[in-house]
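Opening the notebook on this chain. I want to go through the sheets, then the overall build.

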Amino acid sequence: MRDTAPNSWESRADAHSLYGFTDLPSIHARGAVVLTHGEGPYVVDVHGRRYLDANSGLWNMVAGFDHPGLIAAAKAQYDRFPGYHAFFGRMSDQTVMLSEKLVEVSPFDRGRVFYTNSGSEANDTMVKILWFLHGAEGKPERRKILTRWNGYHGVTVVSASMTGKPYNSVFGLPLPGFIHLTCPHYWREGRPGESEADFTRRMAQELEDVIAREGADTIAGFFAEPVMGAGGVIPPSAGYFQAIQPILKKHGIPLIADEVITGFGRTGHVWGSQTYDFTPDAIISSKNITAGFFPMGAVILGPELADRVQAAAEAIEEFPHGFTASGHPVGCAIALKAIEVVMNEGLLDNVRALTPRFEAGLRELARNPNIGEWRGKGLMGALEAVKDKATKTPFDSKLSVSERIANTCTDLGLICRPLGQAVVLCPPFIITEAQMDEMFDKLGQALTKVFAEVA
Ligand SMILES: *Cc1c(COP(=O)(O)O)cnc(C)c1O
């Protein structure tokens, strides 16, 4: 199936590209999928093949790949003012308007926004803000960062240290002082006979124990995704955030919601923290903030942190941090339009309207004897492949079951993502009922074929 001619797109991609997060044996056998453009939720490759992208690109292209309003907003801003920074007291009018808008749509009644070019940089920035703040408040030893196993917070040195994935050991990470708590995944981590409520209580007790062991006055902050995304779409156990937030408050530890995936509608509310009914001290946003049409990340500080950080900065006359392209006028103009499109042009409504159908599709496929669990929230979901459903035993990892499922889907014209032994679906918010049926139909065919091969 691979075009091996030296001048094929596949060979040219291979010759000069270092692939990130890519299964190299698959790519060597199959070749890269080289894309030219998109139409709604579909992308088209150099051979003219169309794929329904059930992953919204990388969770972020929620308005599809050719949204006319977003393209027009980008073009108009390129005509007006195609680039500027946000240093030395200068910034574009678009940047001013976006900060107002982000605070307005945030769960906070007041706040301040700091821009980056990615989610990783936004998490790094938040850690620097916390270190800066605690230092300025006379507590420079408050530096440790708490996150959870399977949490994904990015790939820069600090955000990779926060990410709770074993692959980071190949870089000699995490750095010291980054502590990972148990992943609150009841299906996988719950003990035999343990109720979900007891499991949540155990997670909260673990947090208490870690704080006692490390000392509250050595901990800078706790970061959590409302629903873990790249860890395999893992919603928290029932009552999780209600159980941990009072413990963090009691010890003066800020709770930072990494809403890079869950922000702007993915779980059926603007913020995942609203879906799970808690108010964090700050929000990390990226991905959907521009519907994927521009690289951007943002730290949104709630009122208390905003005031404290502002006071700390005034004490030394500046906050010495920033990226050349932070608050880029084109990115800000696109984000303003993207927020409008998601909130007021029907996308969030469509997420809500289609969630029951999405869940029904997952539930139906989970009847397969080799699917151990379906899980998800809003339009993010996963199916976990297992060799034995009763014992939750995974397949031999050498079988690369989820890779095979995803590759079979690609052959059928569907893009979905393998994550561990799960297959992840997070379609664009513009998806229709018919396209959702196409997605589940193709995934169902792939499951049948692959499980017949490996069973
Ligand atoms: C993708 C992601 C990041 C990292 O964002 P990049 O833009 O890839 O650096 C951080 N946190 C979460 C929850 C993410 O899903």
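Started with an open sheet: four strands, mixed pairing, in the order β1-β2-β3-β13. I took strands (E, at least two residues) and helices (H or I, at least four) as DSSP runs, numbered from the N terminus, and I call two strands paired if DSSP finds at least two bridges between them. The edges are β1 (35–39) and β13 (414–415); each has a single partner strand, so one side of each lacks a neighbour in the sheet.

A note on what I'm looking at: this is a predicted model, where local features need pLDDT of at least 70 and side-chain atom pairs count only at pLDDT 80 or more, while totals for chains, interfaces and linings use all residues. Residues are numbered from 1 along each chain as its sequence is written, and side-chain values use heavy atoms, with hydrogens and water left out.

Next I looked up how β13 is held. Strand β3 (residues 50–53) pairs with β13 in the parallel sense, over two bridges. Across that pairing, aspartate 53 sits opposite isoleucine 415 of β13.

I then checked the partners of β7. Strand β5 (residues 144–148) pairs with β7 in the parallel sense over three bridges, and leucine 146 faces phenylalanine 222 of β7 there. Strand β8 (residues 255–258) is also parallel to β7, again over three bridges; here phenylalanine 223 stands opposite isoleucine 256 of β8.

Then the whole chain. I count 16 helices and 15 strands. Along the principal axes, the C-alpha atoms fill a box of roughly 65 × 60 × 45 Å.

Of the 455 residues, 56% count as buried. For contacts (heavy atoms within 4.5 Å), I took those between residues at least 6 apart in sequence, and 71% of them join residues at least 24 apart.

Note on methods. Buried < 20%, exposed > 50% of the residue type's maximum accessible area, 1.4 Å probe, protein only.
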